[in-house]
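Open your viewer and get ready to click along. We will go from one selection to the next and see what is there.

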Amino acid sequence: MEHFKRDDQSNSELKDRATSEAKDDREYSGQILLAALRAHRLDAVASIKASVEAPRSTDDKDESAYWLRRARLAAIEGQQQDALGYYQLALRTRQKAPSYERGKLQDDLSEEAHALWTKLGGTEVAWAAWSTPATPANGAKADDARWEKPTKTLPTFELADLSGKNLVRQDPQRQGGPHQPVGHLVWSLQCRTAAVTKLYEQAKGRSDLQILTFNIDEDLGLVEPFMKEKGYTFPVVPAYSYVVNLLDGYAIPQNWVLNPKGDWEWTQVGYGSDDAWVKDMLAKLDAVKTGG
C-alpha cells in the first residue's frame with residue numbers, strides 16, 4: 001500500500017503516522033492473503049511474502065493476526081503442516097473472544113483453521129483437543145480470573161442431560177430447604193476440560209453441594225464421543241439455546257455459583273488446570289451456604 005509523506009509534522013506525529021501506516025499495511029496484507037487463499041493464487045502474494053515472514057515488529061500489538069497471516073501464506077504455498085501450526089498459534093494468542101450474532105457463534109478464525117484441518121483428514125474429536133485455547137477465551141489468565149456479581153437473574157430452566165433421559169430443573173424462586181449450592185460450568189469443546197474433571201471428582205462425594213455443566217456446542221453429536229475419548233464422567237446438560245438467550249454474547253468457559261435458594265450469586269470467566277482453581281471453586285460454593 002502506497003503512503004504519501006508530509007514535511008510539516010513533528011517527530012512524534014511522524015512516529016504515530018508510521019505506526020498507523022504499518023497497521024494499515026498489515027491489515028491490507030491479511031486481506032490479500034485471504035483472497036489469494038480462496039482463489040488459490042500463489043502469484044498474488046509474491047510482493048508481500050517477505051513482509052509476512054518477517055519477525056513481528058514491536059508496534060504490532062495483535063499477535064494473533066500476525067500468526068494468521070503466516071498461516072495463510074503457508075497454506076497458499078502448500079505447506080499445510082506449517083499452516084496448522086500457525087493457525088494454532090493464532091487461536092491461542094487472540095485476545096478477544098468470538099461473539100454470538102443472532103444465536104450463532106461468529107468465529108471466522110476457527111472456521112478457517114477447521115477447513116484446513118478437515119481437508120487434511122483430521123477428526124472432530126482431535127480438532128477439539130488441538131484447538132483448545134491455552135488461556136480462557138477472553139485472554140485472561142486463569143489466576144487473574146475474578147468473581148463478579150451477575151447482572152441478570154437466572155431464568156427457570158428444565159433441561160435434559162446428555163443422555164436425553166434425566167431432566168435437570170431449576171427454579172430461582174424456590175424457598176425452604178435444605179438445598180445444595182450449585183456450581184454451573186459453561187463450556188464448549190474448545191475449552192480445556194481437565195479442570196472440570198478435577199473439580200467434579202473432589203465434589204461428587206459431597207451431599208452438601210452439586211456440580212453441573214452446561215455445554216453450548218450446537219453439534220451435540222460431537223460431545224459424547226469427546227467425553228468418552230477423554231474418559232470424562234462429569235454431568236453434561238446441552239444448554240446452547242438457554243445460555244445464548246440469557247447472555248447474548250460472552251466469553252467461555254464461565255463458572256456460575258448458585259446459593260441454596262437457587263439465586264445466581266457469582267460468575268467468573270475462565271478456569272485453571274491446577275488445584276488452586278478447584279480449591280477456589282469449592283471455597284466459593286462453601287461460602288454461599290452461609291451467605292458469603
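This tour of a predicted model visits a core, a strand and some aromatic rings.

**Stop 1: the core.** Select Trp 187, Phe 214, Tyr 242, Val 243 and Trp 256: these have the most contacts inside the largest nonpolar core, which has 49 residues. Apart from that one lies another core of 18 residues, including Trp 67 and Leu 84.

**Stop 2: strand E8.** Now select residues 254–258, which make up strand E8. Which way do the residues point? Gln 254, Trp 256 and Leu 258 point one way, Asn 255 and Val 257 point the other way, and all are buried.

Strand E5 (residues 182–187) pairs with E8 in the antiparallel sense over 5 bridges, and Leu 185 has Asn 255 as its bridge partner. Strand E9 (residues 264–269) also pairs with E8 in the antiparallel sense, over 5 bridges. There, look for Leu 258 opposite Trp 264. In the hairpin of E8 and E9, click on Gly 262, which takes a positive phi near 95°.

**Stop 3: the rings.** Show Phe 157, Phe 214, Tyr 242, Trp 256 and Trp 264 together; they form one aromatic cluster. Zoom in on Phe 157 and Tyr 242: the ring centres are 5.3 Å apart and the planes stand at 70°, so this pair is edge-to-face. Phe 157 is in strand E3 and Tyr 242 in helix H9, 85 residues apart.

Definitions and conventions. Residues are numbered from 1 along each chain as its sequence is written. This is a predicted model: local features need pLDDT of at least 70, side-chain atom pairs count only at pLDDT 80 or more; totals for chains, interfaces and linings use all residues. Side-chain values use heavy atoms; hydrogens and water are left out. A nonpolar core is a set of buried Ala, Val, Leu, Ile, Met, Phe, Trp, Tyr and Cys residues joined through side-chain atoms within 4.5 Å. Buried means under 20% relative accessible area, exposed over 50%, partly exposed in between (1.4 Å probe, protein chains only). Helices (H or I, at least four residues) and strands (E, at least two) are DSSP runs, numbered from the N terminus. Two strands pair if DSSP finds at least two bridges between them. Rings of Phe, Tyr and Trp (its six-membered ring) pair if their centres lie within 6.5 Å; planes under 30 degrees apart count as stacked, over 60 as edge-to-face and the rest as tilted.
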